Amino acid sequence: MTFPRMTGLSALLVSAAMLPLVAHAQSYPSPAYQGGVPSQSQTQIDGSAPVQGAPAQQAPQVSPQVRADTERAMHYPLPPDFMTRAAATIAELQARNIQPPNSHGTSLGDTIRQISQVPGLAPVLQSHGFTPETFVMGMTAFGMTLAASNGQLPNGMPTPNPANVALFKAQPGQVSALMQAMGNPPH
């Protein structure tokens with residue numbers, strides 16, 4: 001099942017938490033070929049050895065923090081009513097003109113701290129059953145699950161929580177409603 005892609009301003013809230021992870025996703029460890037005889041760690045996903053003469057690919061190192069944040073976000077369990085509550089939360093935040101901070105290059109922990117310091121945001125989150133942490137983690141898991149469902153994540157990224165994927169499949173209308181609340185109507 002393919003879901004609408006997030007673009008432009010519609011991704012603002014998701015990107016507040018997700019950008020640090022996706023920005024580093026291109027450097028997430030993947031099999032590399034260093035020339036010569038491939039080692040067992042240099043086999044392709046299908047188990048075959050890389051083609052002789054293929055160019056060497058040196059994957060940049062990923063910090064332990066980015067690796068831990070990515071794993072945490074991809075495995076975070078979304079509650080069954082997450083999308084409904086998140087859509088209502090976003091609508092209220094937009095109505096009050098409350099914007100998340102730019103968290104590009106920050107860890108999930110730093111993003112959560114930044115979100116918790118935005119004036120007026122915590123009471124809105126609380127009124128919809130969220131804390132800054134559960135909102136950031138939920139929106140990040142939502143965005144990464146959506147990206148994974150659309151094949152938008154690079155190879156080597158962890159797979160999303162299977163329960164979240166099942167939730168997306170069981171509630172496609174809620175996925176669309178949340179996207180619409182974010183300002184990105186489904187195509």
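Author: Helices (H or I) are DSSP runs of at least four residues and strands (E) of at least two, numbered from the N terminus. With that rule, N102 sits in the loop between α3 and α4. N97 belongs to the loop between α3 and α4 too. We will come back to that loop.

This is a predicted model, where local features need pLDDT of at least 70, side-chain atom pairs count only at pLDDT 80 or more, and totals for chains, interfaces and linings use all residues. Residues are numbered from 1 along each chain as its sequence is written, and side-chain values use heavy atoms, leaving out hydrogens and water.

Start with the overall plan. The protein has eight helices and zero strands. Read from the N terminus, its elements go α-α-α-α-α-α-α-α. Now take contacts (heavy atoms within 4.5 Å) with a separation of 6 or more: 75% of them join residues 24 or more positions apart.

Now go inside. In soluble globular proteins, nonpolar side chains tend to be buried together. Here, the largest nonpolar core holds 36 residues. Such a core is a set of buried Ala, Val, Leu, Ile, Met, Phe, Trp, Tyr and Cys residues joined through side-chain atoms within 4.5 Å. F82, M83, F142 and L178 touch the most other members. Seven stretches each supply at least two residues: α2 (64-75), α3 (82-95), α4 (108-116), α5 (121-127), α6 (132-149), α7 (162-170) and α8 (172-181). The largest share is nine residues, and it comes from α6.

Pick out L178. Skip its neighbours within four places in sequence. L178 then contacts F82, M83, A86, A87, I90 and F142. A88 lies in helix α3. A88 and L178 are 90 residues apart along the chain, yet their C-alpha atoms are separated by 8.4 Å. A88 itself is partly exposed, at 33% relative accessible area.

Follow α3 across to α6. The two pack at an angle of about 110 degrees, with their axes 11 Å apart. Axes are lines fitted to C-alpha atoms, for helices over the stretch in contact, and angles run from 0 to 180 degrees between N-to-C directions. Therefore α3 and α6 are roughly perpendicular (65 to 115 degrees; under 35 is roughly parallel, over 145 roughly antiparallel, the rest oblique). From α3, the residues F82, M83, A86, T89, I90 and L93 meet F135, G138, M139 and F142 of α6. Sort the residues of this contact by class: eight are nonpolar, two polar and none charged. Ala, Val, Leu, Ile, Met, Phe, Trp, Tyr, Cys and Pro count as nonpolar, Asp, Glu, Lys and Arg as charged, and the others, Gly among them, as polar.

Now turn to α2 and α6. Their axes come within 8 Å and cross at roughly 85 degrees. So α2 and α6 are roughly perpendicular to each other as well. On α2, the contact uses T70, R72, A73 and M74; on α6, it uses E133, M137, T140, A141 and M144. This contact has five nonpolar, two polar and two charged residues.

N97 is exposed, with a relative accessible area of 59%. N97 has a positive phi of about 55 degrees, although it is not a glycine. N102 is exposed as well, at 65%. The C-alpha atoms of N102 and I115 are separated by 9.6 Å, and these residues are 13 apart along the chain.

Conventions:
Buried < 20%, exposed > 50% of the residue type's maximum accessible area, 1.4 Å probe, protein only.
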